[in-house]
Every structure is written in C-alpha cells, then in structure tokens.
Amino acid sequence: MVCQARRFEGKTIVITGAGNGIGAATAQRFLAEGARVALIDREGEALAAGFGQLAPDRCLIVAGDCTDAGVLQGFHARTRATFGHIDILFNNVGQSGRERAAPFHESQEEVWRFVLEVSLFTAMRLARLVVPEMRERGGRIINMSSDAAMVGDAGLADYAAAKMGIVGFTRALARELAPHRVTVNAVAPGAIRTRAHDTLAPAVLDHITVGTPAGFIAEPKDVAGVVAFLASEDARYITGQTVLIDGGRWML
Ligand SMILES: NC(=O)c1ccc[n+]([C@@H]2O[C@H](COP(=O)([O-])OP(=O)(O)OC[C@H]3O[C@@H](n4cnc5c(N)ncnc54)[C@H](O)[C@@H]3O)[C@@H](O)[C@H]2O)c1
C-alpha cells in the first residue's frame, strides 16, 4: 500500500464488521495512518488472526454480534475505557439475506427483520452511543450503504430498503450534527471483491464486470481509501453525502 501520510495520529476510529473484507481493509488503512482502532466482529478468530499481533497499544479487538444492543454498549464502554474518546465511527457491518434472499413475493418477514437489523439498526444504535460525545468534541461518522440501494437490485428489496434507509439516516443526522463539527456521510460500493464473491458463479462475475463502466471489480482497499478521505480534515466541508464507489455503475 502506498501510504505515507499519518493523518489519524492520536485519533480513535471504531469499525464494525472488521474481521474480513471492507472493514478489515479499512482498519489496516487507519492503523497505517497512525490511528487507534477499536474493532468488533462476530468472528473473533478472524479479528485475532488479522489484528491480534498488530500494534497492541493502538488496537482493541472485541468479538461480538453487532445486532445485540448490549454487546454494542459493552464494546462502546470498552473503547472509551481503553482509548478515552472516539473521533471516527465507521458503521460498516451489514449484509443481504444471502442464501435466504428471494423475489419479494416469496420473501419472508423474518429475513427482512434480520437484514434491517444488521444493515440499518446496528448503525443507528452505535451512532446513538457516540453522538453525545461527538457533539462535544466534533467527529466523523461514515455509514455503509450500497449501490444496490440506488439501482434497486431485483431480489434484494429488504437490503435495498435497509441501505436506502442508511442514506436517509445519514442526511438527517448530518443536518443535526453539522453545527457541532461532526460530519456524517455514507459510502455506497458497487461490486467489491470480498468473500461473498467467492460463492458467485463466473458467469455472474462476468455479468457484473460487463455492467460496470470501469470494467473491473474493485478491491476492499478502494473503499478504505474513500472512508479515510471522508474521515480526514480534507473532507471537513462534506456532509450528508453518499459517495458511490462503483466504477460508474450508478451516476448521480
Ligand atoms: N462486497 C461488496 O461488493 C459490497 C458492496 C456494497 C456494500 N457492501 C457492504 O459492505 C459491508 C461489508 O461487507 P463485506 O463485503 O466486506 O463483507 P464480508 O463478509 O467480507 O465482511 C463482513 C464482516 O462483518 C462481520 N459481521 C457480519 N454480521 C455481523 C454481526 N451481526 N456482528 C458482528 N460482525 C458481523 C462478518 O463476520 C465479517 O467479518 C456490508 O455492510 C455490505 O453490505 C459490500
């Protein structure tokens, strides 16, 4: 990684779903730029393998399920106790119904609730915990949306609803917090090569590539770089935005 700046020295970032994929790449990027990172993932072994040996004085790892409000409260309290304050929140965790995803007329309310819990409510709950502190000290919140919300991917109505919910939540919170030197933005990736892609048939990957003007599927680090920019001082006048990182699949 070409990264010489240490823009986040002395700053603390909280990242959810940091054990794999985009969350892990973002944690690595912030560590490389000098930040203290507090990471949570339900796969404790992935967190330990990726971060257990890295910068122990700047890295807190917690195994837990982000859909459990009590777990998030405990994680927030441990982060405050370890690092003193939180400057940046990256609400990354989320997923579709995956193998339980279905055309809407066959979909199950139980799956909608799961998708909304993990992709929207986790972000709202953790933001609710950090916002009182950020109103005092300033800060940055970056929420994970998806271009599936903009495009309206068929068979993912619940996921699109959750990820568009993130967009509305981001805008309203940005307006509330702008006077307090807190910016709130969202990122909306298109196809990013994470482990979910390992299960896709080559024909599906080809279809995605052909439908992407840039002509390739991006890497988790392509999202991490944008999150780092939004968290930086350079982005202090950007708030309430949703930044598409999708090779031009959806243009605002
Ligand atoms: N990969 C893509 O193409 C893509 C595109 C758009 C949006 N996104 C979004 O990016 C985010 C990260 O996705 P990814 O592709 O990096 O996935 P990933 O599966 O590679 O990583 C997600 C991580 O979140 C963890 N996780 C899942 N549910 C959890 C829970 N309830 N509590 C704690 N940890 C949990 C998993 O254990 C995993 O480590 C998601 O919100 C996803 O919707 C991904």
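This is a predicted model: local features need pLDDT of at least 70, side-chain atom pairs count only at pLDDT 80 or more; totals for chains, interfaces and linings use all residues.

Residues are numbered from 1 along each chain as its sequence is written.

Let me begin with the sheet. Helices (H or I, at least four residues) and strands (E, at least two) are DSSP runs, numbered from the N terminus. Seven strands form an open sheet in the order 3-2-1-4-5-6-7, with parallel pairing; two strands pair if DSSP finds at least two bridges between them. At the edges lie strand 3 (59–63) and strand 7 (242–245), each pairing on one side only. On average, neighbouring strands of this sheet are turned by 15° against each other, direction ignored. Strand 1 and strand 4 run parallel and are joined by three bridges. Val-14 has Leu-89 in strand 4 as its bridge partner.

Helix 1 packs on this sheet, touching strand 1, strand 2, strand 3 and strand 4, and its direction makes about 170° with that of strand 1. Here, contact means C-beta atoms, placed from the backbone, within 7 Å. Axes are lines fitted to C-alpha atoms, for helices over the stretch in contact, and angles run from 0 to 180 degrees between N-to-C directions. Helix 3 (residues 69–83) also packs on the sheet, touching strand 1, strand 2 and strand 3.

How enclosed is helix 1 by the rest of the structure? Of its 12 residues, 10 are buried, so helix 1 is largely enclosed. A residue is buried if 20 or more other C-beta atoms lie within 10 Å of its own, with C-beta atoms placed from the backbone. Among the buried residues are Gly-21, Arg-29 and Phe-30. The partners against which the buried residues pack include helix 2 (44–51) and helix 8 (220–231). After helix 1 comes Gly-34, whose phi is positive, near 95°.

Of the 27 residues around the ligand, Gly-17, Gly-19, Gly-21, Gly-94 and Thr-194 come nearest; a residue counts as near if its C-beta atom, placed from the backbone, lies within 6 Å. Helix 1 (21–32) and helix 4 (109–137) are the elements that give two or more residues to this shell. Helix 1 gives the most, with three residues.

Notes:
Two residues are in contact if their C-beta atoms, placed from the backbone, lie within 7 Å.
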